[in-house]
Amino acid sequence: MKAFISIILLVTLGLFGCEQSAHSPQGFSLPEGDVERGEWVFTKYECMSCHTIGGMHQKDDAQMDIPLGGEVTKVKTYADLVTSIINPSHKLARGYLEEQVSDDGVSKMVIYNHVMTVQELVDVVSFLQPKYELVPYTKTSYPVYPYMYH
C-alpha cells in the first residue's frame, strides 16, 4: 500500500512539475554569448569595483571584495548567473558580509537592467560561467563523543 501511495504521489508531482503556466521557465532560452565580449562588458560596467575573479586584478579603490568563480559544489547554471545579474537580491549567497547588504536585506549590487543590453547580459554570463569549477562535495566528519548519547 505504501508503494502504491508513493507511486501516486510521484506521478502527481511529475504532472504538476510539467505544468505550463505564464510563469514557467520552460522554453526560455537566450542566444550564445561571446566570452571575449563578456570580459569587455565585465570591465565596462566596472564589476571589479566590487567583485574579484581569478586572473583579474581588482582596483585599489575597490568598494567590496565579493568573489566570483572558483570551486563550487553545485553547478552554477546559466539561469543562476542571469538571475544573479538581473535580480541580485533574489538569492543572496552565503557569507555575504553586512556591508554588502542594505538594512532591509537587499543586495547593494547596482541594478543594470536599464542600461545593459540583452546581448551584453548573454556575453557577460558566457564569460563568467567557465570561471566556476565543480568539485565534489566533501562531507564534514565530526568526532562522536560517547557522552552525547546518554
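1. Two residues are in contact when their heavy atoms lie within 4.5 Å. With that in hand, look at the chain as a whole. The model is predicted. Take the contacts between residues at least 6 apart in sequence: 62% of them join residues at least 24 apart.

2. Next, the parts list. The protein chain has four helices and four strands. Read from the N terminus, the order is α-α-β-β-β-α-α-β. The chain has 150 residues, and buried residues make up 23% of them.

3. Start with helix 4. Nine of its eleven residues are buried, so helix 4 is largely enclosed by the rest of the structure. The buried residues are Glu 120, Leu 121, Val 122, Asp 123, Val 124, Val 125, Ser 126, Phe 127 and Leu 128. What do they pack against? Their partners are helix 2, strand 1, strand 2, helix 3 and strand 4. Find strand 1 at 51-53, strand 2 at 66-68 and strand 4 at 132-134.

4. Now pair helix 4 with helix 3. Two packed helices are described by the angle between their axes and the distance between the axes. Helix 3 covers residues 78-86, and helix 4 covers residues 118-128. Their axes come within 10 Å and cross at roughly 125 degrees. That angle makes helix 3 oblique to helix 4. The crossing of the two is right-handed.

5. Which residues make this contact? Helix 3 supplies Tyr 78, Leu 81, Val 82, Ile 85 and Ile 86. Helix 4 supplies Leu 121, Val 122, Val 124, Val 125 and Leu 128. By type, the contact of helix 3 with helix 4 has ten nonpolar residues, no polar ones and no charged ones. An α-helix has 3.6 residues a turn, so residues three or four places apart point the same way.

6. Helix 2 is another partner of helix 4. The two pack at an angle of about 105 degrees, with their axes 7 Å apart. Helix 2 and helix 4 are therefore roughly perpendicular to each other. The cut-off behind that word is 65 to 115 degrees.

7. The contact list for this pair is as follows. From helix 2 come Val 35, Arg 37, Gly 38, Glu 39, Trp 40, Val 41, Phe 42 and Lys 44. From helix 4 come Gln 119, Glu 120, Asp 123, Val 124, Ser 126, Phe 127 and Leu 128.

8. Check the salt bridges. A search of the whole structure finds two. One joins Asp 123 to Arg 37, with the closest N and O atoms 2.9 Å apart. Asp 123 sits in helix 4 and Arg 37 in helix 2 (residues 35-44), so this bridge links distant parts of the chain, 86 residues apart. Is Asp 123 buried or exposed? Asp 123 is buried, at 2% relative accessibility. Arg 37 is partly exposed, at 41%.

9. The other salt bridge is between the side chains of Glu 120 and Lys 44, at 2.6 Å from N to O. Glu 120 lies in helix 4 and Lys 44 in helix 2, so the pair ties together parts 76 residues apart in sequence. Glu 120 has a relative accessible area of 9% and is buried. Lys 44 has 39% and is partly exposed.

10. One backbone angle deserves a look. Glu 46 has a positive phi of about 55 degrees, although Glu 46 is not a glycine. Where is Glu 46 found? Glu 46 is in the loop between helix 2 and strand 1. Its relative accessible area is 45%, so Glu 46 counts as partly exposed.

11. Ser 29 is in the loop between helix 1 (2-17) and helix 2. Ser 29 counts as exposed, at 61% relative accessibility. Pro 67 is in strand 2. Pro 67 is exposed as well, with a relative accessible area of 58%. Pro 67 and Gly 54 are 13 residues apart in sequence and 8.5 Å apart in space, C-alpha to C-alpha.

Technical notes: Residues are numbered from 1 along each chain as its sequence is written. This is a predicted model: local features need pLDDT of at least 70, side-chain atom pairs count only at pLDDT 80 or more; totals for chains, interfaces and linings use all residues. Side-chain values use heavy atoms; hydrogens and water are left out. Axes are lines fitted to C-alpha atoms, for helices over the stretch in contact, and angles run from 0 to 180 degrees between N-to-C directions. Angles under 35 degrees count as roughly parallel, over 145 as roughly antiparallel, 65 to 115 as roughly perpendicular and the rest as oblique. A crossing is left-handed if the near helix is turned anticlockwise from the far one by less than a right angle, and right-handed if clockwise. Ala, Val, Leu, Ile, Met, Phe, Trp, Tyr, Cys and Pro count as nonpolar, Asp, Glu, Lys and Arg as charged, and the others, Gly among them, as polar. A salt bridge is a side-chain nitrogen of Lys or Arg within 4 Å of a carboxyl oxygen of Asp or Glu. Buried means under 20% relative accessible area, exposed over 50%, partly exposed in between (1.4 Å probe, protein chains only).
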